[in-house]
Amino acid sequence: MFEPIILKNINVPDSFKIETYLNNGGYQAFKKALKLNTDTIIQMVKDSGLRGRGGAGFSTGLKWSFIPKDPTIPKYLCCNADEGEPGTYKDRAIIEKDPHQLIEGMAIACYAIGAANAYIYIRGEFALGADRLEDAIREAYSKGYLGKNILGSNFSLNIYVHRGAGAYICGEETALLESLEGRRALPRIKPPFPAQVGLFGKPTVINNVETLACVPHIINRGASWFASIGPAKSPGPKLFGVSGHVNKPGLYELPMGTPLREIIYTYAGGIKGDRRLKAVIPGGVSAPMLIEKDLDTPMDFDSLAAKGTMLGSGAVVVMDERTCIVKAALIIHEFFHHESCGKCTPCREGLDWIVKVMRRVEHGEGKEGDIDLLLKLCGDVFGRTFCPLGDGAVMALRGAINNFKEEFEYHVKNKRCMVNGAGR
Amino acid sequence: MNGNHYNLNLKDILKKVFFVDLIQGLFITFNYTFSKTITLRYPDEEKWIPYRRFRGLHTLNRNKEGKELCVGCELCQKSCPTQCITVVPMQDKTGKGIADRIAYRWEINLLRCMFCGLCEDACPTEALKLGREYELANTSMQRSLWTKEELLAAQEIPVEFDGGVIVRARLERDDKGLKVIPDMSVQKRWW
Amino acid sequence: MATVKINGKEITVEDGTLILEAAKGAGFDIPTMCYHARLSKLASCRVCLVEIVGQKKLQPSCVTPVMHGMEVLTESPVVKSARSSMIELLLANHPLDCPVCDKGGECELQDVTFKFGPRNSPFGERKRRFHEEDYILSPVIIQNINRCIQCKRCVRICDEVVGASVLGSIERGAKTGETSFVKEYLDCDHCGNCIEVCPVGSLMSRPYRYQSRPWDLKGVDTVCTYCGTGCQLTVQARNGEILRVISKPDKGINNETLCARGRFGYSFINSHERFVTPMIRKGGTLEPVPWNEALKAIKDGLTEAMKDGRKTGGIASGRLSNEELYLFQKLMRGVFKTNNIDSGSRWNTGAVKSFANVMELNKGGISVYDALNADTLFIIGSSISDENPITDYLIRRLSRNKKMNIIIASPRGLKLDSSATLSLRHRPAAEGDILGGIAKVIYDKNMDKLKDLTGKEHLKNISRENIPDLTWTDWSSIESVSGFMLSANSITIAVGNDVLRGPSRIESMHILAEALRLLGKDVKLFPVFDRANQRGAWEMGVHPDILPGYSFRDGDGLGSEGIIDAASRGEVGALYVVGEDIVSDFPDGGFVREALRQVKFLIVQDIFLTETAKMAHVVLPGASFVEKDGTFTNQEGRVQRLRKFIEPQGDAKADWEIIASIGEAVEPSFHYGSVSDIFKEIKGAVPMYRGIDFEGLDGNGAIVKGSGIGGQGAGVVAGFSLRPKSEVRSQEQETPDPEYPFILITGNHLYHSGRLSLKADTLRDILPEAVVEMNEEDAKAMGVSKGDKVKVKGDRYEATLTAHINKRSVRGVVFIPENFTDVPVNMFFTKGKGFPRVKVLPLSSLSPQGRGPG
C-alpha cells in the first residue's frame, strides 16, 4: 500500500487548523526554502519532474523558470482552484482538509519566482473551502508565515482568495486571469503567455492546487525522492477521484502510472454488483473514454496520451454495462454546451449544434446520417477553437462514437436505447 | 417520252367533268359542320384560361391570414433585366405584412416588361407571381404602370384554378380599354 | 524584415506583420469577421484560420505575426474546408432573413458566404431566437440580437474608440448576445459607429430603417461641415433624396468613425423650413422675388445706404467654403472698399489675431496623426469630446496602445478624461494663466538655459500664491503638468477656440512653446476648431487685420464686435451677413438686436430664416453642403473637397454664385464661372495653397504648407502683458457674488453644432431641448438630479432648462449649449463683461405646490 503524501493529514481531526499542520511538520519546507537560492528551488522542482496536475501536464519547474528575473517587475502567482471538471474533487479535499499545505506550497512558489502577491481563484461553489482557506490565511498571517518580511527574511507575501462565479471556463488559465481582473471570463490570445504578460499585464504563474501541494514535499524530501515515485517521465504521487459504478468511490492517492485496472478493482473495490465494466473516463469528462481492453494502461500523462485520451485531472469515472453511452455522451455535452464561453465560433455554434443533434438521437428522433453529422461537426470544431474547451468536448464525443458506434446507430435506427430498451 | 408530257387519260377527264375534286373538298367542309368546333370565339363569347405556368400580369399575394407576403426586399427589382420594377420599402408595425417591413411602393412598367419571370424566381416569400391575366392592351401609356394596390387585388382567375380550358366570356369595354370577363362555371376543353 | 512564403509566393515584410496583412500584400484574400484593423485583436471568429507548415493546428491569421522563413498556406484543402465550416457554423444560428434585413446587399457575412462558404448545410434544427421585436437602443440605433455573430466589433469600438462603453455581452456560450445591459435608450454618444462596424444586420440605423437597398443608393464622398475635425463622409441618396451618411474605412482621417452630427445630422437638407427663393422686405414683411429683382434691390439699397459716408461691413460664417470666403473678402475689400469683415461674431477680433499668431497657423498645417505622435499631449481651451468628437475618438484610439501622457485642462468634465493621465479643472477664461503658470514653472526650473526666453518678464505676475485664485487650480497640478512636459521629448499642445470666448490671454502659449523649444523639445501646436472652415476663413483673409495668406496688418478695419458697435451708433449703412446668425451668436443678444435695427440695409444669405435673417431687408437663399462644390480647410490645415451631389432646392444657389453675382451687379468685371476658377485665384493670392491640386484632392485631402510670410510671433508677445496690476478685472467679475453663484459658459453640445443642426430632426430627436449642465455636487446641494427642470437666472435673462449632471465638471460653473433657439444663451451675456454670472433655481422651490405636471 502506497503511503499517502499529499493526503497524509486528511483524516487527522482539525486537519485544517494551523496547529495540526505545524504539529505534523508543516511550514518546515518553507523555512528551508527561505534559506535557499531561488534558482536552486526552481532547479529542484525541475529535477523532481513535477508536472502540472491541472490536466496539461506541463513541467512546473520549467514554467517557473520562464518568469523574468528582473526584480523591478511585479510578478504574480495564481492558484487555480476553480475545480470544475465533472468527476473531479481532488483540489477540494486539499483545500477543505489541508489548506496550509497549499499555502505553504504557494509561499515557496512565490519565493521562487519573486512574487509578492498571490491569488487563489476558488470555485464559487466551494463555500466551505473558501472559508477554510480564508481562515487558514489569517492563521498564517498571525503566525508570521505570510505578510511582511516573513520569518525575518526580506521576502513579503500576501495571498488573496477570489471566489469565482460559476464558470467552467475560469479553469482555463487566461480566462481565470480575465475574471480575476474583473472582466468577462474569456480566454486570451496566446502568445503572449502568462509568464510574460499575465495578471494585470505582468508575469504570472498559474498552478493547480495539487501541483502546489506537492512543492513542500519536494523541498522537504528532495527532488530525487519525488522523481523516484512512479514512472520517470511523470513522477510523483497523484490523486485519483474514482466515481461511478464502483463499490468504493473516493479519492485515492497513488503513484503515477498505477494501472487503471488496479485503481478500479484493487482500490475502488470493483464494479458494483459485479457487473461488467463498459467504459471508463480516465481524467475528467473531456478525456475520451476507454473500454475494458485498455484497463491495463498505466495512469500517467504519456501512456494515456498514447491511447488517445488523457490523464487530465485524474477523475476516473466508471460506467458499468447498464450505462447508455449515448445518454452519457449527451450529459457530458450538455455540460460543455452550457459552459462554453461563447467567444469563438466553433465552440459556441458547434457545440450548440452537436447538442441539438445529440438530444434528437437520445430521444429517439434521430435521423439517418446523424452519426456522420456528429463526426463531421467534431471535425469542424476540433483544433479550431480558441481554447481547449471545445477540443475536450469533441474529443470526448469522438471517443464515445468510435468505441460504441453500434449503440449510437441503434438509437437512430430503432428510436430507442440499446442497453435499457426503453424507447423514449 | 419526249413531247408527250401532257398526257391525259380517261380517269382524269372524268374527274374533271364531274367536279370530283370540288365535291370531295365540299364534303370535307360539310363534314366540319357537324364536327367539334376548335376555333375560339374570343373575345365575344369565349376565353382561353391558360395553365398555371403561364406568365401574364404580375400579382402580389397575401398569406392565408390576409397579410401581404411582400416584404419589400427589392430582389425582384434587382433581378429584373429590363428594370421595369420599382420597389420602395417601409416599416409597418400595424401587421399589414408578414414582417414589419412592407413595400411602400411596388410598381411595374408593363411597357418594358418582357414577362421573363425572373422576378418571380427571385421572390423569397412567394409574394410575387406572374398571373394569368393577359389582356393588357390599352389606349393610354399610363395604364401600363401598375401599382401595388392594383396588383394586390385578386386576379379574375383564381390561383387554385388549374387552367387549360375555355370558358364562356363576354366582352366589355370602357374608357380604360377592353376586358373579357370570364364565367368560370361554363368550361370546355379545347381538344 | 522577414521573408515568408505564402502559398509558394515569397514575400518580404516588416517584422511583426500579421499573416493576414502579409497575405493581402501577396494578393491572397483571407476572409475575416471579427478582425478590424483599428481595434484590439480578438481572433474569435476563426474564419481567417490558415495553415502554417510544420504546425499541427491551424492558426488565426489575424493575430499571428509572420516569422522569418515561415511557410503559410491560405488556400490548402484543409484551410478551405475549415473556412467553409466556420462560415457554416456562423450561419447555423444566423437567421436567414436577408430579405427584410437592412444590411442585405452590403453584409460581410453574405459576401463571405458567397465567396468562401458552403453551398448547402445539413443544419435542420431550430434557430436561436432572443427576441421577436427589434430593440430600440437609441433614437438612431436599433438592434436585432438574433443576427449577431458575436464578433464584438461594436463592443470594442464603443469601448476603445468612442469611450462610451455602453455595449457588452450578456449570457455566455450559445446564448451570448451583444447588447447593452439596459433594454432602453442608451446614454451614449449616439454616434452610430457600432452600426458602421457591424458586419451583419445586428445593429442598424433607425433613420435609414427599411428605406432602401445599398445598390439603389448613389453616393458622393465629401467632407463633414459640422466641426473643425474635417471628417470624410459619404452621403447617399436614392432618387435625389438623401437617405443616409456613412463613413468608409479607407477614407479620411476619421476612417470608419463619425459622430452623431456627421452621421445623422443631414436631414436639415430636406427640411421644409428652408427658404428657397430670394425675399425682399416690402412694407414690413419679407416677400419672395426673382433673383434679378433681388440683385437690383441690393444694388440700389447699397447705393442708398452708403450715402453720408456710412460704413459697410460683412460677416461670413466659418462654415462656408474657402472659395466663398475668399470671394467674400474680395467683394468687401475690392468692391465695397472696406476692411470691416470678420468670420463669426462670437469672438474678440483681437484675440483671433493673437491666436492665429501664437498657434503659428501661417507655418502650415500639421496632420493630426503627426500631432498625436507625441509623448505628451496637452489639451486646453476645448470641450474636445463635445465640440470635436472625432478628434476625441482619434486621441482615445491612438493613445490606447501607446505611452502618451494626455493632460486635459478644461472647466467642464470631458469624456476624454477617462483616457487622460491628468485632468485639470479650471475657472473659465483662465487658460492663459494656466499656460503662463506652466511656462513659469519651466522657466524657474531651467533659468540658466532660458536666459533668452522672449516675454519672460511677463511671467513675473504669476506665482504660487495667485494661481489658485486666478485659475481655481492648485500650484501642484501646474507643477505636475510641467513635469510631464519636461520629461517628454515631443509635446503637442492642442488649443481650442474656447480661449477666444473670454479674455484668456492666449499669448502666454507662445512663451510656453518658446521655452520648451529652447529646451530642445519638439513642440507641435494643434488648433481645435468648432467651425468646419474656421481656419480656411482666416487663411482666406476674412478678418479685418488678416489679408489672404496670413499677411497681418494693423488697420482701421472693424471686426464683428466693432461693426456691431458702430451699427448701434447708427454708423453702419450696409451689412452683408453670410451664413452667420449673429443675433444668436453675438455674446449680448439684446444689444445686437438693437444694433441691427439701426443698420440701414441688411443683407442676409443663409439656408434657413434665422433670427438675423428675420431682421434683414434682403434675404438670399444659399445652398447646403451637398449642393455646392468647394474646398474646406480643417483645423489641421488639411484642404478637402466638398462635392456637389444634388441641385440646390428651389431657387437657391451656391453661396459663391450669389456672392459673385452681387459683385457683378455692382462691378461687372467681378465675374466667376466656376469654383475651380476661384481656387486658381486663391492659389495665386495665398502662397500656402500653391501646391494644392483642386481636381486631385482625394479622400485624404492635402495639408497646407507654411508660406514663410506674415506672422509676428514674438511681436505679439511683446505687445501685451500677462497680468499687469491694472488689469481689467471687472471683465471677469472677479468677486464672487452670493446672489449669482455660478459662472455661465457656453459652447457646442455633442449632438448639435451652431444652430443648423437643430433643423435636422434626427438630432433633435436625440436632444430635443436645451439643457444646463452642472457639477454633481452643486446639483446635489440644490437637490437637483438629472432630468429635473431648473430655472437659470442672470441679471438680464432667465430660462427654464433640463438639468444635466457632469460628475467631473468644476464647481461653480454651469454650461448651456449655444445651439437652442428657445434658450438663446447669448441673452445672458453683457457686451464686454466676459462670462455672465447666474443663479440656478430648482423648479420645485419655485412652486410651493411642488412640481406641476410637465
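Biologist: Which domains is chain A divided into?

Modeller: In this predicted model, chain A is divided into domain 1 (18–225), domain 2 (237–320) and domain 3 (325–414).

Biologist: What makes domain 2 and domain 3 of chain A count as touching, and how many residues does the contact take from each?

Modeller: Residues are in contact if their C-beta atoms, placed from the backbone, lie within 7 Å. The contact takes nine residues from domain 2 of chain A and twelve residues from domain 3 of chain A. On the domain 2 side, seven residues are nonpolar, two are polar and none is charged. The centres of domain 2 and domain 3 of chain A, taken over C-alpha atoms, are separated by 23 Å.

Biologist: Where in chain A does Ser153(A) lie?

Modeller: Ser153(A) lies in the loop between helix 7 (127–142) and strand 3 (158–163) of chain A. Its C-alpha atom and that of Glu262(A), 109 residues apart along the chain, are separated by 46 Å.

Biologist: Which of the pairs of chains in contact shares the most contacts?

Modeller: Two pairs of chains are in contact, and chains A and C share the most contacts. There, 24 residues of chain A are in contact with 25 residues of chain C.

Biologist: Which elements of chain A give two or more residues to the side that touches chain C?

Modeller: They are helix 13 (325–339), helix 14 (345–362) and helix 15 (370–381) of chain A. Helix 14 of chain A provides the largest share, eight residues. By class, the side of chain A that touches chain C has eight nonpolar, seven polar and nine charged residues.

Biologist: How many residues of chain B are in contact with chain C?

Modeller: 13 residues of chain B are in contact with seven residues of chain C. On the chain B side, helix 3 (75–79) and strand 3 (85–91) each supply at least two residues. Strand 3 of chain B gives the most, with three residues. The residues of this side of chain B divide into seven nonpolar, three polar and three charged.

Methods:
Residues are numbered from 1 along each chain as its sequence is written. Chains are lettered from A and ligands numbered from 1 in the order in which they are written. This is a predicted model: local features need pLDDT of at least 70, side-chain atom pairs count only at pLDDT 80 or more; totals for chains, interfaces and linings use all residues. Helices (H or I, at least four residues) and strands (E, at least two) are DSSP runs, numbered from the N terminus. Ala, Val, Leu, Ile, Met, Phe, Trp, Tyr, Cys and Pro count as nonpolar, Asp, Glu, Lys and Arg as charged, and the others, Gly among them, as polar. Domain bounds come from an automatic or database domain assignment.
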